[in-house]
Amino acid sequence: MPEIAISSTGWLAICLRNGIAGIFHMKDTSLWQYLQSESKSNDLNRNLIKFSPNGQVLIITGENKQLNVYIAKDEFFWQLQKIIIVEKFITALDLTNEFLCIVNKNGDIYKIDLLFNDNSKHLILNDEYCIIKHSSMILDMISNESFILIADQNKKICLNSYPDISQNQSYCLGHTEFVSHLKLIDNYRFLSASGDGTLRLWSLPDCKPLVFIHSKIFVLLSKEIFYTQLFHSENQTFIENYRLDAKPDEFCSDPSSIINYSIWKMDIASFNSNDSNIYIAFSIYFQRLHSIYLTTLLNMKELINEQRKLIFDSSYGTIIDYCFSSKAILHDDYRTNSKCYLYILFDSNTLLKIDVISILSCDKTELFIKPDEDVQEINNILASKEFHSINNNNTTVSDDILYKELFKNHLESSDNCCSKRKNDRIDQEQRKKQICSQMEENISIA
């Protein structure tokens, strides 16, 4: 459920709630803009936010089942170009430089040309724009000029050729729970994440499984690093108190529950096709509030002990979302500074910027890092009255409700199985008692 996105042109967009967002230029944070929907509602909507590959279009889910389409009018200003009105709840979206794909909760995929030919402010989505009717709820998708890749609630990943969608449909099968995230690595591979707790690497276009790993491996093997900007490392009392405060969700969870190890969020950074230069950040459900796991694709394939678990100081609040920079910016950062930055948004309207490469090579158990000046300027703006009145907690609650709903059928099925096994055991015990009593009666008669 994205709440933060970074464009190839250096804009950072933060979706706060129900279509309200702030957009900041990362090289000059004095250039920022407050984006607000025209309508207001208290509905718990699923926040979705995304830039086009060329960084000229920004899509944000608004209120009352609306999508707001913004375009970059010049170097310093974003303008609302179109409001798209949909009938059903939006579960996923993706866009190229030419078109936008929207998915509703019924699994219907709609395609809209971003070169709008009319001057009307509103566009009502109807069957005229529908290109695919999928059989189940779609949770994520990737679209480009040659294919549309979709992940659904029924454990499947479906590859549709484009623009001839009716032909050459293929499936990536292997997940045992809903597929929540898809990330394209290059033209030949992509990574998926699922409620079954696994990350899986697939090849394109043959949908061949290449490797998979379960999140339990990272829970068992990852070195923990406590991240704070508040206290000095000599004050261990403060450190331990805040470390414990940052892990209440772990102590209250049943480790045997399948939902706990499911992949809650996931993003990747890719500079080139070299596996050691492909970085993965993900979080699992029962540690989602204060922890993020970091690793590389090479480590996922070979387990070379290149993984870390970042635990964030609880004073930041709880994690709302995180993302890597766009590929163009990642390439520049890596080429000039050998850095790979991950941006993390907390419900306190606090943004952090961390270098994944340095953390993966870090042998310390605590990190005390001075805040980045540009990010601190953004945080100062987010702390202003205009932004501070926006509360993100409703978004967190909404995401949690949606996520648990995906497990509903599985949990009900598990409960039914447990109930059946319990009844079977009771029946067996009763039959044993009957047999024993009959044998005792036969012995006494004899």
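Strands here are DSSP runs of E at least two residues long, numbered from the N terminus, and two of them pair if DSSP finds at least two bridges between them. This is a predicted model, so local features need pLDDT of at least 70 and side-chain atom pairs count only at pLDDT 80 or more, while totals for chains, interfaces and linings use all residues. Residues are numbered from 1 along each chain as its sequence is written, and side-chain values use heavy atoms, with hydrogens and water left out.

**View 1. The β9-β10 hairpin.** Strand β9 (residues 90-95) and strand β10 (residues 99-104) run antiparallel, joined by five bridges. Three residues sit between the two strands of this hairpin. Look for L93, which stands opposite I102 in β10. Six of the six residues of β9 are buried, so the strand is largely enclosed by the rest of the structure; buried means under 20% relative accessible area (1.4 Å probe, protein chains only).

**View 2. An open sheet of four strands.** The order is β18-β19-β20-β21, with antiparallel pairing. β18 (179-186) and β21 (209-214) stand at the edges with a single partner strand each, so one side of each has no neighbour in the sheet. From one strand to the next the twist averages 15°, with axes being lines fitted to C-alpha atoms and angles running from 0 to 180 degrees between N-to-C directions.

**View 3. Inside that sheet, β19 against β20.** Five bridges hold β19 (residues 189-194) and β20 (residues 198-203) together, again antiparallel. L191 has L201 of β20 as its bridge partner.

**View 4. Two buried cysteines.** C130 is buried at 19% relative accessible area, and C323 is buried too, at 8%.

How values were computed
Buried means under 20% relative accessible area, exposed over 50%, partly exposed in between (1.4 Å probe, protein chains only).
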